[in-house]
Amino acid sequence: MPVKVAFWQNSDCWGCHQSLLNAHLGLLTVLPELEIVYWPAVVDYKYESLKERADGEIVVGFVEGCLRTNEDIEGTKLIRQKSQIVIAFGSCSCYGNVHGLANQWDIQECIKRKFIEAESITNENPKEPTEHVPGFASKIVPVDEIIKVDAYIPGCPPKPEAIISAVQFLLGQKAFPQNEKAFCEECPLNTGGCLLDAGVICFGPVTSVGCSLKCPGEGSPCVGCFGPAINVAPRAEKLKEMTKNIASMSSGDKKNTYEFLSLFLNVPLMAGFDLSADILKQIKKTGQVQTPLANIPSTTLDIASNLLQYLRDNPSYHEISNVCDTCPRIRGRMKMEKVKRDYEGLPNPDDCLIEQGYICMGPLTRAGCGGLCIKVNAPCTGCYGQTVPGVDQAERFADTVTKGFNVALSKDALLAQVKDPLGTFEKFTLAENKKYRGRA
Ligand code: SF4
Ligand code: SF4
Ligand code: SF4
């Protein structure tokens, strides 16, 4: 039976849907398994038709765009009510995006600027429109502040591959065929020298047999490459207890938990697809998503949920990888002497953009896009979101680049040359910053 999906679109450029369509032949793998019941951008279904659907009738609701108008807020709540799983689709939905920069001003100031003062207005008697307009929210907030979100696909727009990957995950197309036995049963350390017994996080008790490498035999824990086993091994309970206390794990164990989630669930978590802690439980509950993930044993479900919860509570985990990690540009040959704006000169395509004088947000930005902008000779502006959210990004940028890059300027001198610090360092995420919410 096809899975019912809906696409809700709030205030934005609708580019995320353009990106979805840009998947071209990639859509062939998923479209036959979807029943699209609402998608105004493409098939013009009417709002009333969405309202008439039963609560929870839609399996996956995608929410694109920011919450600028009262209509955005009402529609987003409606899609939550009608959907079992909700995905925040694109950086507007995940973080508020450039629209969030408006939070620097009072909404009345924004309205005056847009409808009365803007240089492009030709009407001799401009005024705020009052008919056929939905009214504006006083401040923009990320979508997960008004509804529960089950998964996130950031990016402005998200890469087509990331969107298809997310849909494939939900359809179970990315899951492994499951074997009955867990890896422990074949592990060379099962009867002596077990890593888990020695306090090392090893995912052998919940992972399918099937690999020939048998990492524990080489001293490395199993990180779940073969996906979930149908039956867990007895040590699964102990593993579950250990994953309740990730904060006290060694950094090596913490890294392995990240790797485990990506491999075990077969989703590229660092490549722009974040999952909430209970997404697996949601999938199981739907009963309509025919994925092996819907059948994983409850102990495994608890372990994966513990790890996902930790990731959501500690987003600085994303510090593991940033855009610079995938950038081929050479560092150390040039030196930033002054801050250049993007229109000043043409950067050479080989050297680090920061060291050529441009503000490139690569070192602060989550990996996932593969350096799309850098490849076309443009600095990263940070659309995938920061690796460490909720801190002063200007300060963090200046600190990072004066310590780790070839920069002749002091932190203060660098920041003094940036014309629009918020628009530069928090372009996509200012809506997350409560400092600019006022009394909203
Ligand atoms: S927990 Fe890991 S090391 Fe221990 S027996 Fe299972 S797979 Fe081997
Ligand atoms: S700062 Fe930008 S140009 Fe320099 S290495 Fe990082 S991503 Fe590449
Ligand atoms: S390089 Fe930066 S701005 Fe460009 S797509 Fe990647 S994260 Fe977004």
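Start with ligand 1: by class, its shell holds twelve nonpolar, two polar and one charged residues. Here Ala, Val, Leu, Ile, Met, Phe, Trp, Tyr, Cys and Pro count as nonpolar, Asp, Glu, Lys and Arg as charged, and the others, Gly among them, as polar. This is a predicted model, in which local features need pLDDT of at least 70 and side-chain atom pairs count only at pLDDT 80 or more, while totals for chains, interfaces and linings use all residues. Residues are numbered from 1 along each chain as its sequence is written, and chains are lettered from A and ligands numbered from 1 in the order in which they are written.

**Stop 1: the ligands.** Select the surroundings of ligand 1. There are 15 residues around ligand 1, and the closest are C184, C187, C194, C202 and G204. A residue belongs to such a shell if its C-beta atom, placed from the backbone, lies within 6 Å of the molecule. Now go to ligand 3. Its surroundings include C369, C373, C380 and C383, as well as V323 and Y384. By class, the shell around ligand 3 has eight nonpolar, four polar and no charged residues.

Stop 2: Show the strands next. Helices (H or I, at least four residues) and strands (E, at least two) are DSSP runs, numbered from the N terminus. Six strands form an open sheet in the order β2-β1-β3-β4-β5-β6, with mixed pairing. Its edge strands are β2 (34-38) and β6 (274-275), each pairing on one side only. Two strands pair if DSSP finds at least two bridges between them.

Zoom in on β1, residues 3-9. Four bridges join β1 to β2, and the two run parallel. Which residue in β2 is the bridge partner of K4? Select E35 to see it. V5 stands opposite I36 in β2. Then follow the chain through helix α1 (residues 15-21): β1, α1 and β2 make a right-handed β-α-β unit. Right-handed means that, with the strands pointing away from the viewer, the path from the first strand over the helix to the second runs clockwise.

**Stop 3: strand β4.** Select residues 83-89. Is β4 mostly covered or open? It is mostly covered, with seven of its seven residues buried. A residue is buried if 20 or more other C-beta atoms lie within 10 Å of its own, exposed if 12 or fewer, and partly exposed in between, with C-beta atoms placed from the backbone.

Look to β3: six bridges join β3 to β4, running parallel. G61 has V86 in β4 as its bridge partner. β3, helix α4 (residues 70-82) and β4 make another stop on the path, a right-handed β-α-β unit. Then turn to β5 (residues 151-153). Three bridges join β4 to β5, again parallel. A88 is partnered by Y152 in β5.

**Stop 4: R53.** Find R53 in the loop between α3 (47-51) and β3 (58-64). R53 is partly exposed because 17 other C-beta atoms lie within 10 Å. Leaving aside its neighbours within four places in sequence, R53 is in contact with I58 and K82 (C-beta atoms, placed from the backbone, within 7 Å).

**Stop 5: helix α9.** Finish at residues 251-265. The buried residues of α9 include N256, F260 and F264. They pack against α11 (298-313). Just after α9, N266 takes a positive phi of about 60°.

Technical notes: Two residues are in contact if their C-beta atoms, placed from the backbone, lie within 7 Å.
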